[in-house]
Amino acid sequence: MTLSARKVAATAVTAVLGAALAGCGGGASSDAGREARLGTPAATASGAPAASPQNGAPASAQTASPQAGAPAKAPTLAPGPNGLTPVFERAKQQTDKTVALTFDADMTSDQGPRAADGEHFDNPQLISTLRTLKVPSTVFMTGRWAEEYPDQTKSIGTDPNFEIANHSYSHHAFKSPCYGLPALDGAAARADVDRAFAAFRQAGAVNTVPYFRFPGGCYDDQALRALSTAKVTAVQWDVVSGDAFAKDPDAVAQQVLAGVKPGSVVVMHCTRSAAPVTEEAVRKIVPELRKRGYRFVKVSELIGK
């Protein structure tokens, strides 16, 4: 496949990402949330720079509550304006060639029957490859995924190579509309986060961090306010891999390689049925980025800078 053809394919995959996978690689942000960022402003949908960060200094003392199940030492950001949950997209340090590969382990609360019928929402080969390649990674996991795959959750969550972050329990929307996902109100949204952390604990995961990724990437001030008492940092991304339902790993790899900058957060997926070529794409991405001088880190290291 030629370079131009790969770019076209990657663009098409990006479009599918939002519509077909309920937008885990897309997403909408809020103006107040943008003010809470740490790092350089990411481009908006129109290509214009977002608002400059105003309140994004790391706050190591700010951690998730014991009830939420997150460790006490993982760095978080200070609250945004009016105490809103802070939002992180890319590291402030732009000269250090670090990059975080993040993987959404998606499973909605109503997909149990599909798993029972043999659909694979897990991707153990991907996890094995990340271990073999020695790539520290952050897995944003839904609580329902942890319930379906408790042994894998424990294995990931006790491996120092990984950290598990919260992707909600149900993978329902925290803002509506959001790619057709059912929506949660404020109280239900807050409870959904706690339920996911509880599922990680029940599975035996210990390497959990007080970070949260909105299903579909969709949020607004109301969603940030609903999570303010959870004392988590919302983590978005600045590089969309386009791996959802992709059939060409070269196109996925090309899209990631074209987008990565120092301090980038890349969003990918850890679900075989929805992202079947991710593992193969990772095997292309990792050596090339290392050749370019990049070092792979977990999100906690980026936030801690």
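## Exercises on a parallel sheet and a helix pair

Strand 4, helix 7 (residues 186–203) and strand 5 form a right-handed β-α-β unit; right-handed here means that, with the strands pointing away from the viewer, the path from the first strand over the helix to the second runs clockwise. Helices (H or I, at least four residues) and strands (E, at least two) are DSSP runs, numbered from the N terminus.

This is a predicted model, in which local features need pLDDT of at least 70 and side-chain atom pairs count only at pLDDT 80 or more, while totals for chains, interfaces and linings use all residues. Residues are numbered from 1 along each chain as its sequence is written, and side-chain values use heavy atoms, with hydrogens and water left out.

**Exercise 1.** Find the strands that pair with strand 4 and with strand 5, and give their directions.

*Solution.* Strands pair if DSSP finds at least two bridges between them.
- Step 1: start at strand 3 (residues 137–141), which runs parallel to strand 4 and is joined to it by five bridges. Val-139 has Ile-164 as its bridge partner in strand 4.
- Step 2: Tyr-211 stands opposite Thr-233.

**Exercise 2.** Are the faces of strand 4 and strand 5 buried or exposed?

*Solution.* Buried means under 20% relative accessible area, exposed over 50%, and partly exposed in between (1.4 Å probe, protein chains only).
- Step 1: recall that in a regular strand the side chains alternate between the two faces of the sheet.
- Step 2: in strand 4, one side carries Phe-162, Ile-164 and Asn-166 and the other Glu-163 and Ala-165, all buried. Because five of the five residues are buried, strand 4 is largely enclosed by the rest of the structure.
- Step 3: in strand 5 (residues 208–212), Thr-208, Pro-210 and Phe-212 on one side and Val-209 and Tyr-211 on the other are all buried. Five of five are buried here too, so strand 5 is largely enclosed by the rest of the structure.
- Step 4: for the background, 57% of the 305 residues in the chain are buried.

**Exercise 3.** Place Thr-158 in the chain and list what it touches.

*Solution.* 
- Step 1: Thr-158 sits in the loop between helix 6 (150–157) and strand 4.
- Step 2: its relative accessibility is 41%, so Thr-158 counts as partly exposed.
- Step 3: leaving out residues up to four places away in sequence, Thr-158 touches Gly-204, Val-206 and Asn-207, where contact means heavy atoms within 4.5 Å.
- Step 4: Gly-204 is 46 residues from Thr-158 along the chain, yet their C-alpha atoms are separated by 7.9 Å.

**Exercise 4.** Describe how helix 9 and helix 10 cross.

*Solution.* 
- Step 1: the axes of helix 9 (residues 249–259) and helix 10 (residues 278–291) come within 8 Å and cross at roughly 35°. Axes are lines fitted to C-alpha atoms, for helices over the stretch in contact, and angles run from 0 to 180 degrees between N-to-C directions.
- Step 2: the crossing is right-handed, that is, the near helix is turned clockwise from the far one by less than a right angle.
- Step 3: the residues that meet include Val-252 and Val-256 in helix 9 and Ile-285 and Leu-289 in helix 10.
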